[in-house]
Each structure stands twice: as structure tokens, then as C-alpha cells.
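Here is a quick tour for anyone meeting this structure for the first time. Have a look at it first, and then we'll walk through it piece by piece.

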Amino acid sequence: AEKHAGMSCVTASMDDIQFEEAARVGQIITIKAKVNRAFKTSMEVGIKVTVQDVLTNVEKIVSVAYATYVAKAVGGGKIELEPVKLLSTEDHLEHTLAIERRRIRLGYEQVFQNLMQESNKEGDYYTFEEEDAVSTDLTHVQSIELVQPPHANHHGNTFGGQIMAWMETVASISASRLCRSYPVLKSVNMFKFWGPSVVGDRLVFNAIVNNIFQNSVEVGVRVEAYNCEEWIKDQARHINSAFLIFNTVNDKGELLTFPRIKP
């Protein structure tokens, strides 16, 4: 992203990420990234992750993801980007698909805004009664992290990947309280950066199980940031939200079901 912009870039969002394969100790991971399309002040970067087993030499795709970046000048304002030079047939295809992914992403946001407005209306709440259902209160997990220099880039901004790693940890603990097993991350949905965080910030992660499906569970994670003054005044900055999907398997690799929940 910075190669294309010629200056510092910050992550704005990540499209839904599906994990097709687990990467394990001793395997070789290859990460390839490329700018697919530049919009007025943002760009889409395609990321492909593969894993290779050194014993069998078999290579498998772990994940394909699409990140949106914005470029910022020294003063902090956004800059207009130059178009991407398309060299191959694949470049042309990804360039076309990027506009569709952007349209879907913006549509997601509008749909969820509408749903939130509807759910806030009086009378939309309901009672839930079922024996042996587990209260989602039991799955609430909170974690606090201090952003230190190794967690940030050369501009002092917290790595998006570091935030995602912390989110996965707290979400995994939340899911494990429900399934009483070791959950496996299958996808990360609607991972969006609402604002930046920097070295010295305290990041508060709150995770809770939102719902269960036949063989999977959704955990919602909200991230808030505080600098020293904001921490004293209890004035949080909402910087990230995401929904993580987990499942669990037994020793034979068979998917396990989750218990019913009480919201």
C-alpha cells in the first residue's frame, strides 16, 4: 500500500476473511500482497496466504483477504491516489471485482445501521426461556493491553494485525466458555477500523457470544482506546469492531455442536 501511495498508509477495513487451512509450527507461510485498485482517497490491497508442508511439499491456501487503506500526508489529511497500472489479465479482473467488493462493503454498513436503528425502537425486545440454555453473560471476556513500540509501525500507529491477534485471543476465550473445548477460528467478519490508536494507548477488548448455529458460534468483539487523560476521565474511543466465527472438533476431526444460549 505504501509503495503505491508513496507515503504512510493506514488500514480502514478488512473484508470478511475465511480460513481454509490451519498453519502449524514447522510449516512455511508465504504472504503475497498487491494493490488491486485505487479509488479517490483509498485503495484495495489483495492478500493471499499459503502454507507449505516441508515434509510433503504440499502447498495449500490458508486465506485470501482484501484490505482497504487510505494514504495520509504528513499533516494528517487524506491524499488523492494515482490509478493502478494494469499489466496482466488477472490485474484487470481484480480491478473490476474491487469495485463490486467496495459496493458490497458499503451496503453491509447501511444494512447494519438500519438494523441497529430498528432494534433500538421500543417494544423490539423479547423474552427467551429455555431449560439448560447458557447465559451469554458467562461468555463475556474483557482484556486490557498497553500499546508498546513493538506493537506499532514506524509512525507510532498500532499494527492492524496486532489488534486482530488480540481480538482473536479474547474471542477464543469467550467461545471456549460456551463450548468447554478449544475453538478453531473459521472467519473474521466486518473487521473495521473506526479510528487510530498509538503507542501508549490502553486498549480495552470486550468479547461476548452473540449467537450459536448448528456447528459454529459468533463472538462479537469491541475495542476501545484510551490515552492517559482519557483513561482518567473514562472517555473511550471506539476504534474497532468485528465478528469472529468459531467451530470445535473432536479427536476424529468431527464438528461438535454448541449448547443453546440465552441472550
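Let's start with N57, which is exposed at a relative accessible area of 54% (exposed means over 50%, buried under 20% and partly exposed in between, using a 1.4 Å probe and protein chains only). N57 sits in the loop between β4 and β5, and its phi is positive, about 65°, although N57 is not a glycine. Keep in mind that this is a predicted model, where local features need pLDDT of at least 70, side-chain atom pairs count only at pLDDT 80 or more, and totals for chains, interfaces and linings use all residues. Residues are numbered from 1 along each chain as its sequence is written, and side-chain values use heavy atoms, with hydrogens and water left out.

D234 is another non-glycine with a positive phi, of about 60°. You'll find D234 in the loop between α4 (228-233) and β11 (237-247), and D234 is exposed, with a relative accessible area of 58%.

Is V58 buried or partly exposed? V58 counts as partly exposed, at 39% relative accessibility. Leaving out residues up to four places away in sequence, V58 touches V51, Q52 and D53 (contact means heavy atoms within 4.5 Å).

## The chain as a whole

Stepping back, the chain has 4 helices and 12 strands (these are DSSP runs numbered from the N terminus: H or I of at least four residues for helices, E of at least two for strands). The chain's radius of gyration is 20 Å, close to the 18 Å that the globule rule gives for 263 residues, so the chain is as compact as a globular protein of that length. Here the radius is taken over C-alpha atoms, and the rule is 2.2 Å times the number of residues to the power 0.38. Along the principal axes, the C-alpha atoms fill a box of roughly 60 × 55 × 35 Å.

Of the 263 residues, 36% count as buried. Take the contacts between residues at least 6 apart in sequence: 69% of them join residues at least 24 apart. The chain exposes about 16,200 Å², and carbon and sulfur atoms supply 53% of that (areas come from the Shrake-Rupley method with a 1.4 Å probe; for residues, only the protein chains shown count as cover).

Helix α2 runs over residues 89-119, which makes 31 residues, and reaches 45 Å from its first C-alpha to its last, close to the 45 Å expected at 1.5 Å a residue (the expected span is 1.5 Å times one less than the number of residues). Which residues of α2 are buried? They are D91, E94, A98, R101 and R105. What covers them includes β1 (9-14), β3 (28-38), β4 (42-52) and β5 (59-71).

Helix α3 covers residues 160-179, 20 residues in total, and reaches 28 Å from first C-alpha to last, close to the 28 Å expected at 1.5 Å a residue. The buried residues of α3 include I163, W166, M167 and C179. R180 follows α3 and has a positive phi, near 50°.

Now for I239, which lies in strand β11. At 1% relative accessibility, I239 counts as buried. Setting aside neighbours within four places in sequence, I239 is in contact with a list of residues that includes I163, W194, L203, V223 and A225. I239 and V223 are 16 residues apart along the chain, and their C-alpha atoms are separated by 5.9 Å.

I144, in strand β7 (residues 141-146), is partly exposed, with a relative accessible area of 46%. Not counting residues up to four places away in sequence, I144 touches L203, V204 and W231. How far apart in space are I144 and N206? They are 9.0 Å apart, C-alpha to C-alpha, and 62 residues apart in sequence.

Finally, S135 has its place in strand β6 (residues 134-135) and is partly exposed, with a relative accessible area of 25%. S135 and D15 are 120 residues apart along the chain, with their C-alpha atoms separated by 30 Å.
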